[in-house]
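The sequence and the model follow.

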Amino acid sequence: MTALRERLDEIANSVTGGDRLDGARLYRESMTHARRRRASLVSVAAAAAVAAVVVVVSLVDTGGSPTIAPAPPPESVEPSDPSEVKGACPGGEQRAVFPGASVLLGCARLDDGRKVELFSHIQSGGLCLQIVGIDNRARECGNAPSEQEPPVTDAVVAQMIAQWTESAALEVYGAASADVTTVSLTYTRAGSAHRTRAELIRVTDGEALEKAAIGEPFGYFLAELPPETPITTVTAIALDRGQRLGADDFGFLHDQPRRAMISGPIR
């Protein structure tokens, strides 16, 4: 874990702008939040079963009412056929991704055609999940639920955010359990409630998991939201065949430096 925290410091302090950022602090806050979520979900489980989902999303803003209103319930929709992406996504392949060699875990294609890839960067003392394909820079460090200490069993866990400039899309990332098949994101913007879906990267290939030294299958999601979206209003909802398995919000990351998880350029 020491090496992983040192890597987070390197990432945070490589951000342009000259400010030194405490990557280890960001990591500790994220882990504290995850533990807090686990405790609250255990109490909720007495009334409902909880599980999780991971997805990657590209926003299509359909507008909305000028007054604040509750977001409609998530649609009971399964993800689109990922065969095209899977055919071009050799899970377990090792590549030189910034920085050093990484193992390809899975892929997804956004609505605008961009292909995003999920990598696991193996280093002494820890593991870092990287997203490549948003632009020419990597997003890191995410966490595989089974490799955290202690392992995370929540259905869905908000992990990190990224935003290159104030006018760029607000990116949100998280991890989930392997049985989640769909994630819906709700948020409030300009006084109205919105909902959008994500593309799910499900990491279930045994060879890829073994090469990455990850013990259990899981999912990972990305969403791109309008630049001015308040992070305190964003919630990820996990679904399986339309059944709600759990939810988590991103509000705890409201004061995180937006560039802290952007590194690169990638090779």
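The link of C89 and C107 is right-handed, with 80 degrees about the S-S bond. C89 lies in the loop between helix 3 (83-87) and strand 2 (94-96), and C107 in strand 3 (residues 101-109), so the bond ties together parts that are 18 residues apart in sequence. Helices (H or I, at least four residues) and strands (E, at least two) are DSSP runs, numbered from the N terminus.

The model is predicted: local features need pLDDT of at least 70 and side-chain atom pairs count only at pLDDT 80 or more, while totals for chains, interfaces and linings use all residues. Residues are numbered from 1 along each chain as its sequence is written, and side-chain values use heavy atoms, with hydrogens and water left out.

## The disulfide of C128 and C141

A disulfide also joins C128 to C141, with an S to S distance of 1.9 Å. The torsion about this S-S bond is about -105 degrees, so the link of C128 and C141 is left-handed. C128 belongs to strand 5 (residues 126-132) and C141 to strand 6 (residues 138-142), so the pair ties together parts that are 13 residues apart in sequence. Both C128 and C141 are buried.

The count of disulfides comes to two. With bonded cysteines counted along the chain, their pattern is 1-2, 3-4.

## The setting of H121

H121 lies in strand 4 (residues 115-123) and is buried, with a relative accessible area of 8%. Its side chain reaches the backbone oxygen of A101 at 3.1 Å. Leaving aside residues up to four places away in sequence, H121 touches P99, G100, A101, S102, G126, L127, C128 and Q130, where contact means heavy atoms within 4.5 Å. One of these residues, C128, is the disulfide partner of C141.

## A96 in relation to H121

A96 is placed in strand 2 and is partly exposed, with a relative accessible area of 48%. A96 and H121 are 25 residues apart in sequence, and their C-alpha atoms are 9.8 Å apart in space.

Terms used. Buried < 20%, exposed > 50% of the residue type's maximum accessible area, 1.4 Å probe, protein only. Polar contact = N/O pair within 3.5 Å; in protein donor to acceptor, adjacent residues only side chain to side chain. Disulfide = S-S within 2.5 Å.
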